Amino acid sequence: MFISLLVVGVFGLAAWVLLGSRLLVVRHVEVVGTHLLSRDRVVSVGQIRLGTPMIRLGAGAVRDRIAGIQEVEEVRVERRWPTTVRIVVTERVPVVVVPHGGKFEQYDKFGVLVLTSPARPRALPDLVVATPGPADAVTVAALTAWRSLPPRLVRRLTAVEAPTAESITFRLSGGRTIVWGAAERAQEKLRLIDALTRTAAGRSAQTIDVSSPEVVTTE
C-alpha cells in the first residue's frame, strides 16, 4: 500500500512539474538561420506564448505557421529543456531575377518568389518566362535545367530563357549561348558540352546547341 501511494505521489509530482508548475515553461525563444527575416517576425508568426508549459508546446503547429512565411524553405522547432524553444530556419535563396514594373523579383530554385528589390541584385541571371512561379510548368522546367548545371556554368549565366518547357536557352557572359532544349538528359548534354569545348571549333563557337543530343550543332 505504501509503495502504491509513493508511486502515485511521484507521478503526481511529475505531472505537476510538467504541466502546472512554473519550473518548465517557455521563457526563451531562440531563432537561428535568418538573414532575410527578423527574429521578431518569426516569433510573431510562430505564436509562441511565454509561460506556456514546455510539454504543452504545439511544436508541429508552430512549425506549420512559420513554414507559411514566403521567405522560409524549411523550419525545425526544438524544445531545449528546461525553458527554451529553438527555431531553426532555412531561408529560401534567390537564384534568378525577373524585372517587373520597375522592380526586380527574386525567385528561388523552385520558382518561389522570395523578395522584390528596387535595384537589380548582383550576380543573379535573368529568368525570361511568360508567367514565373512554382505552379508554372515552364518556370519549373527552366529551373530544373538550371539546377543541373555545374557551378562553373552557373557563375557565367546572364539569363535563362524559356518560351516553352522544351526550348530552354542559357546565355553566358562573353556572349556564348547554350541551346539546351528540354530539361531532360542533363548529364548527357553536359558531357557533350565538355567534349565540344575541348575542341578548337567548340572553343570559338558562340552558340552550342545540345537540344537534340544525337545531333549537336555549333555556330
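This report walks through a predicted model, from its confidence to its strands, cores and salt bridges.

## What you're looking at

Residues are numbered from 1 along each chain as its sequence is written, and side-chain values use heavy atoms, with hydrogens and water left out. Since this is a predicted model, local features need pLDDT of at least 70 and side-chain atom pairs count only at pLDDT 80 or more, while totals for chains, interfaces and linings use all residues.

pLDDT is the predictor's confidence in each residue, from 0 to 100. The protein chain averages 91, and 90% of the residues score at least 70. Residues 4–20 are another story: pLDDT stays under 50 there, and the model has 11 contacts (heavy atoms within 4.5 Å) beyond four places in sequence for that stretch. Where pLDDT is low, the predicted coordinates should not be read in detail.

Helices (H or I, at least four residues) and strands (E, at least two) are DSSP runs, numbered from the N terminus. Two strands pair if DSSP finds at least two bridges between them.

In S10 it is the bridge partner of phenylalanine 170, and its own partner in S11 is isoleucine 208. Leaving aside neighbours within four places in sequence, isoleucine 178 is in contact with Leu153, Ile168, Thr169, Phe170, Leu172, Ile193, Ile208 and Val210. As for S10 itself, 4 of its 5 residues are buried, so the strand is largely enclosed by the rest of the structure. Buried means under 20% relative accessible area, exposed means over 50%, and partly exposed is in between (1.4 Å probe, protein chains only).

## An aromatic pair

Rings of Phe, Tyr and Trp (its six-membered ring) pair if their centres lie within 6.5 Å; planes under 30 degrees apart count as stacked, over 60 as edge-to-face and the rest as tilted. By this rule the count is 1 aromatic pair. It is made by phenylalanine 170 and tryptophan 180, which count as edge-to-face because their ring centres are 5.4 Å apart and their planes sit at 65°. Phenylalanine 170 is in strand S9 (residues 168–172) and tryptophan 180 in strand S10 (residues 177–181), 10 residues apart. Phenylalanine 170 is buried at 1% relative accessibility, and tryptophan 180 is buried too, at 0%.

## The cores and helix H4

A nonpolar core is a set of buried Ala, Val, Leu, Ile, Met, Phe, Trp, Tyr and Cys residues joined through side-chain atoms within 4.5 Å. The largest one has 30 residues, of which Val160, Ile168, Phe170, Ile178 and Trp180 touch the most other members. Strand S4 (96–100), H4, strand S8 (157–161), S9, S10 and helix H6 (186–196) each give two or more residues to this core. H4 gives the most, with 6. A second, separate core has 19 residues, including Leu37, Val43, Ile69 and Val85.

The buried residues of H4 are Val138, Thr139, Ala141, Ala142, Leu143, Ala145 and Trp146. They pack against S4, strand S7 (126–128), helix H5 (151–154), S8, S9 and S10. Threonine 139 is at 0% relative accessibility, so it counts as buried. Not counting residues up to four places away in sequence, threonine 139 touches Gly111, Leu127, Val129, Thr131, Pro132 and Gly133.

## Salt bridges

A salt bridge is a side-chain nitrogen of Lys or Arg within 4 Å of a carboxyl oxygen of Asp or Glu. The whole structure has 13 of them. In one, arginine 152 meets aspartate 194 at 2.4 Å, N to O. That pair links helix H5 to helix H6, 42 residues apart. Both arginine 152, at 38%, and aspartate 194, at 24%, are partly exposed.

Glutamate 214 and arginine 185 form another, with the closest N and O atoms 2.8 Å apart. Glutamate 214 sits in the loop between strand S11 (207–209) and strand S12 (217–218) and arginine 185 in the loop between S10 and H6, so the pair ties together parts 29 residues apart in sequence. Glutamate 214 is exposed at 58% relative accessible area, whereas arginine 185 is partly exposed at 38%. Finally, salt bridges that share partners join Glu30, Arg76, Glu78, Arg80 and Arg86 into one network. Within that set, arginine 76 and glutamate 78 meet at 2.7 Å, N to O.
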